[in-house]
Amino acid sequence: MTVLLLDTNVVSILFKPDHSHYQKCLRITAGNQWFVSFMTRAELLMWPRVNRWGSRRREELIHHMDLCTTLLPDEATCVFWADIMTESRSAGRLLTAADAWVAAAALQWDLPLVIADYHDFEHLDRLTLTPVSA
């Protein structure tokens with residue numbers, strides 16, 4: 001069994017079996033242990049609030065998210081985050097603070113990041129990316 005860090009879009013795709021990338025995400029993640037950054041969990045928790053989901057759909061999302069172990073930040077995560085933001089700026093690449101938190105968790109725990117939009121992260125040399133769509 002491999003341990004994988006999933007980004008927000010991949011968790012979302014796995015929540016929607018009719019999504020065009022669902023089968024590919026399922027093949028990549030099946031039989032593996034799923035982790036998410038605290039940032040990914042926070043983003044997913046925001047969706048029902050912003051979109052005014054009903055209680056049933058909210059519960060389904062929580063159950064889906066519970067398939068993942070959430071990695072919480074500590075001092076080491078903050079150092080990785082600062083390094084990633086600095087590396088991105090030096091490379092002239094814009095990386096959101098949220099994306100940097102996800103990348104920091106992947107680097108800290110040496111986990112491959114299963115990601116839908118890998119172009120935002122491809123300049124980070126130490127990060128192992130598993131793109132869903134290439």
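Q: How many disulfides does the count come to?
A: Zero disulfides. Keep in mind that this is a predicted model.

Q: What about Cys 25, and which cysteine sulfur is nearest?
A: Cys 25 is in no disulfide. The nearest cysteine sulfur belongs to Cys 68, and it is 12 Å away. The cut-off for a disulfide is 2.5 Å between the sulfurs.

Q: Is Cys 25 buried or exposed?
A: Buried, because its relative accessibility is 0%.

Q: And how does Cys 78 count?
A: Cys 78 counts as partly exposed, because its relative accessibility is 33%.

Q: OK, switching to rings. How many aromatic pairs does a search of the whole structure find?
A: Three aromatic pairs turn up. One of them is Phe 38 with Trp 101. That pair is edge-to-face, with 5.4 Å from centre to centre and 70° between the planes.

Q: Which helices do Phe 38 and Trp 101 lie in?
A: Phe 38 lies in helix α3 and Trp 101 in helix α6. The pair therefore ties together parts that are 63 residues apart in sequence.

Q: What about the rings of Trp 81 and Trp 101?
A: Their centres are 5.2 Å apart and their planes are at 25°, so this pair is stacked. Trp 81 lies in helix α5 and Trp 101 in helix α6, so the pair ties together parts that are 20 residues apart in sequence. Trp 81 counts as partly exposed, because its relative accessibility is 24%.

Q: Which residues do the ring pairs link into a cluster?
A: Phe 38, Trp 81 and Trp 101.

Q: Back to α3. How many residues has it, and what does it reach end to end?
A: Helix α3 covers residues 38–51, which is 14 residues. From its first C-alpha to its last it reaches 21 Å. That is close to the 20 Å expected at 1.5 Å a residue.

Q: Which residues of α3 are buried?
A: Met 39, Thr 40, Leu 44 and Pro 48.

Q: What caps the N-terminal end of α3?
A: Ser 37 does. A side-chain oxygen of Ser 37 lies 3.0 Å from the backbone nitrogen of Met 39.

Q: And what follows α3?
A: Arg 52, with a positive phi near 55°.

Q: Now strands. How many residues of β2 are buried?
A: Four of its five, so β2 is mostly covered.

Q: How do β1 and β2 run, and how many bridges join them?
A: They run parallel, joined by three bridges. Leu 5 stands opposite Phe 35 in β2.

Q: What is the bridge partner of Phe 35 in β3?
A: Thr 69. Strand β3 (residues 68–71) pairs with β2 in the parallel sense, over four bridges.

Q: Last one: Thr 77. Where does Thr 77 lie?
A: In helix α5, residues 75–90. Thr 77 counts as buried, because its relative accessibility is 3%.

Q: What polar contact does the side chain of Thr 77 make?
A: One with the side chain of Asp 74, at 2.9 Å. Leaving aside neighbours within four places in sequence, Thr 77 is in contact with Leu 72, Trp 101, Ala 104 and Gln 108.

Note on methods: Residues are numbered from 1 along each chain as its sequence is written. This is a predicted model: local features need pLDDT of at least 70, side-chain atom pairs count only at pLDDT 80 or more; totals for chains, interfaces and linings use all residues. Side-chain values use heavy atoms; hydrogens and water are left out. Helices (H or I, at least four residues) and strands (E, at least two) are DSSP runs, numbered from the N terminus. The expected span of a helix is 1.5 Å times one less than its number of residues. Buried means under 20% relative accessible area, exposed over 50%, partly exposed in between (1.4 Å probe, protein chains only). A polar contact is a pair of N or O atoms within 3.5 Å; within protein, one must be able to donate a hydrogen and the other to accept it, and residues adjacent in sequence count only if both atoms are side-chain atoms. Contact means heavy atoms within 4.5 Å. Two strands pair if DSSP finds at least two bridges between them. Rings of Phe, Tyr and Trp (its six-membered ring) pair if their centres lie within 6.5 Å; planes under 30 degrees apart count as stacked, over 60 as edge-to-face and the rest as tilted.
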